[in-house]
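Welcome! Please take a moment to look over the sequence and the model, and then let us walk through them together.

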Amino acid sequence: MFAGDAGMQTVTAKKDNGKTSMARAGRLIKPYLFILPILVFAAGFVYYPFFKTFLYSFSTVNVMGEITSFTGLDNYRYLFSRREFGTAVSNTLRLTAMNVPLTMFFTLLLGRLLKEKRFLGGLFETMIAATMAVSMGSAALTFRVMLNPTVGWINSALGLGVRWYEDRNTALYGILLLTVWMGIGFNFLLFLAAFRNVDRDVTDQARLDGAGPVRVFLSVELPLVSPTLLYAVCTNTILALMTSGPIMILTRGGPSWSTTTLIYLMYTTGYGSGNYAMAACVAAVTFLLTLAFTLAGLWADGKRGDAR
Amino acid sequence: MKAQHGIRKKARLALWCAVCFCLAVPVVFPVMYAFLGSFRTAGEFSRLPPALFPDSFLNFDSYVQVFTRVPMARYFLNSLGTTALVCAVKICLSILAAYAFAFFEFRLKDLLFVVILGTMMLPADTLIITNYRTVSRMGLTNTWLGVAIVSFAGASQMFMLRQAFVQAPRALRDAAFMDGCGDMRFLWRILVPVCRPVVITLLMQAFVAQWNAYLWPLMVTDSDAMRTVQVGITMLTGAEDANYQVVLAGACAAMVPPVVLFITVRNRLTASMTRGAVSD
């Protein structure tokens, strides 16, 4: 809207020979008018809630969401003393620590296997990649039926007696299975493209030098796709730390807190119980966790750059 | 010697196919399971041991139930409406900002670029509680705009478009301005059509992401008429019966638009994803 006005302004300004101060002012602010719309939404729905969250976490907030007083670190002290918070942190970190290596291993393997375009390769490729378009909702509902201890097919076909989402010892692994599955399509495509970008001459040369296929993979191809690997590890870590949707649909944090993650805890305390200050604390902790992992990723990227 | 070589080659190909098959089938299995299960009846689900295939592929009863048990047609309309709104606004705003960053020189350029890209560092999920407060104060709960508004700022889209604009031939702009084009005419009539592949890719990505969104639409809608498909399909389980076959039919129905779209534009999507990963 604004940008449209700016465009019109310059067009008319040019007709007046473009030397008036109006035109100069127009040209000066024009770039900002182009950027203003996206900036408004970035400010209103990303930066504002971000700062507000931190502000909330240091305050007493009533159920209407109004700040009544400043309390410093009291909220955090209370939060850290709660047992469910510790459980949520541990569940979230365990889920992340298992999810990322599993997803990376499996999708690297798939990407490398399907690198060469061969007979039936395109079919496998499409089949695997298409799973990335399946929504979390659809996937979670399918897993609920598939892993159902009585009517589900998996337990009876594999002869398992696992109660999956109904047992506090296995529920988290059920969630893990689903979240790993959801990540396969996207990461597979990333690695497939990365392996295909590896120069054939390099691998052929390594083969001629007498390296076996495993050696070529580990010492030649893997280092060459390491930028993609690093990117995938970072994005997957952040995604895994945010795990909440499957828990809302499948377990509601249970049985007995065994699948409560940080974002799920934030959702239930903030939206469910109206305790905005506490929810803000959880959000702040989650954010600091993701920031730590992002910085670690950037640091690793810098190191890799130095090594080269 | 040569024949032996040929046989070895064929054996290796067969082995490769077998390995890929063994890995690909578990990946696709949940989708196939949902599809097959959606044709089964409640009776078939209560039979033990659980079977995989339905007795008949002509049993569309569950699909009928998906659309009669809950207002699923309305949910599809809501999903389409909010998704279209997000796609349109997000891409337009990104195009405008990308144009400024690609073609103008101005004082705060670097700072503003970092400010916009910085939004990618703040995960949307940690912001939903405060955003819910904002949106409800604006009176936008239970509206399409309320569902869509938090996704309007697309930093990664802006970044990709800027890359595309920078790569477009410089002479294009000079020629257009010589012919009396203004910035807006040049941008929408010439530059965007030239960069159409990137724009379409980004639209597709935005479509799939928004169509599949769950947490935010769940929070910001509580009236039955305003739910989206993703939220709606989780409400197919009845209070007294589990309705496995209807749930699976709902899951399948919700999959159709994004998966079909994805398969049609897959090659383009792959290419742009690689570029994104490399530039990161």
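**The domains of chain A**

In chain A, the C-alpha centres of domain 1 and domain 2 are 40 Å apart. Domain 1 of chain A covers 2–57 and domain 2 of chain A covers 81–307, with bounds that come from an automatic or database domain assignment. Where the two meet, domain 1 of chain A gives four residues and domain 2 of chain A gives six residues; residues are in contact when their C-beta atoms, placed from the backbone, lie within 7 Å. On the side of domain 1 of chain A that touches domain 2 of chain A, two residues are nonpolar, two are polar and none is charged. Here Ala, Val, Leu, Ile, Met, Phe, Trp, Tyr, Cys and Pro count as nonpolar, Asp, Glu, Lys and Arg as charged, and the others, Gly among them, as polar.

A word on the ground rules: this is a predicted model, in which local features need pLDDT of at least 70 and side-chain atom pairs count only at pLDDT 80 or more, while totals for chains, interfaces and linings use all residues. Residues are numbered from 1 along each chain as its sequence is written, and chains are lettered from A and ligands numbered from 1 in the order in which they are written.

**Where the chains meet**

Now turn to the two chains together: 74 residues of chain B are in contact with 74 residues of chain A. On the chain B side, helix H1 (residues 2–37) of chain B supplies the largest share, 14 residues. Helices here are DSSP runs (H or I, at least four residues), numbered from the N terminus. By class, the side of chain B that touches chain A has 56 nonpolar, 13 polar and five charged residues. For the complex, the predictor gives an ipTM of 0.83 and a pTM of 0.84.

**How confident is the model in chain B?**

The average pLDDT (the predictor's confidence in each residue, from 0 to 100) of chain B is 84, and 92% of the residues score at least 70. Within chain B, helix H4 (residues 72–103) of chain B has the highest mean, 93, and helix H15 (residues 266–279) of chain B the lowest, 58. Over residues 276–280 of chain B, pLDDT stays under 50. Where pLDDT is low, the predicted coordinates should not be read in detail.

**A helix neighbour**

Finally, follow H4(B) to its meeting with H8(B), where the residues of H4(B) include Ile91(B) and Phe101(B), and those of H8(B) include Leu161(B) and Phe165(B). This contact has 11 nonpolar, two polar and two charged residues.

Terms used:
Helix = DSSP H or I, 4+ residues; strand = E, 2+ residues; numbered from the N terminus.
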